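Please look at the sequence and the structure as I show them.

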Amino acid sequence: MNYTTITINDQKVGLKFGMASFRYLSDKFKDGISFENGELNEIGVAHLVYSGYYNNCLVKGVLPELTFENLVDYVEVNIMKNEFLEELKNIIKVWGESDMIKNS
């Protein structure tokens with residue numbers, strides 16, 4: 001499955017990982033900016049979440065209401081909270097199991 005949801009500011013947000021999210025991340029994942037020493041940093045996490053959100057909006061034919069900046073703010077506020085870290089593990093799992101990642 002390539003879909004999950006998260007709650008951002010009391011709003012349930014769908015994340016669907018597919019071709020558009022893969023293309024987005026291929027441009028955004030840069031060593032020293034999105035990750036360091038092979039690990040995602042807060043900007044990388046925000047890009048990952050935004051890519052799934054953006055792709056989900058495209059698939060559903062709706063305009064994104066959240067900006068990348070909104071997601072950076074959300075990640076920075078929550079990155080040290082256990083609940084968010086558990087949610088992030090699930091997001092990474094769903095992303096990693098998507099066909100685009102498995103076949104790349």
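This is a predicted model: local features need pLDDT of at least 70, side-chain atom pairs count only at pLDDT 80 or more; totals for chains, interfaces and linings use all residues.

Are tyrosine 74 and phenylalanine 84 buried or exposed? Both residues are buried.

The ring centres of tyrosine 74 and phenylalanine 84 are 5.5 Å apart and the planes meet at 80°, so the pair is edge-to-face. Tyrosine 74 belongs to helix α3, residues 68–78, and phenylalanine 84 to helix α4, residues 82–96. The two are ten residues apart, and the pair links distant parts of the chain.

A search of the whole structure finds six aromatic pairs. One of them, formed by tyrosine 24 and tyrosine 50, is tilted, with 5.6 Å from centre to centre and 50° between the planes. Tyrosine 24 lies in helix α1, residues 19–28, whereas tyrosine 50 lies in helix α2, residues 42–60, so this pair ties together parts that are 26 residues apart in sequence. Tyrosine 24 is buried, at a relative accessible area of 15%. Tyrosine 50 is also buried, at 12%.

Next, the cluster. Ring pairs join Tyr24, Tyr50, Tyr53, Tyr54 and Phe68. Phenylalanine 68 is found in helix α3. With a relative accessible area of 25%, phenylalanine 68 is partly exposed.

Which residues does phenylalanine 68 contact, leaving aside its neighbours within four places in sequence? They are Tyr24, Ile43, Ala46, His47 and Tyr50. As for glutamate 87, its C-alpha lies 18 Å from that of phenylalanine 68, and the two residues are 19 apart in sequence.

Thank you for your attention.

Notes
Residues are numbered from 1 along each chain as its sequence is written. Side-chain values use heavy atoms; hydrogens and water are left out. Rings of Phe, Tyr and Trp (its six-membered ring) pair if their centres lie within 6.5 Å; planes under 30 degrees apart count as stacked, over 60 as edge-to-face and the rest as tilted. Helices (H or I, at least four residues) and strands (E, at least two) are DSSP runs, numbered from the N terminus. Buried means under 20% relative accessible area, exposed over 50%, partly exposed in between (1.4 Å probe, protein chains only). Contact means heavy atoms within 4.5 Å.
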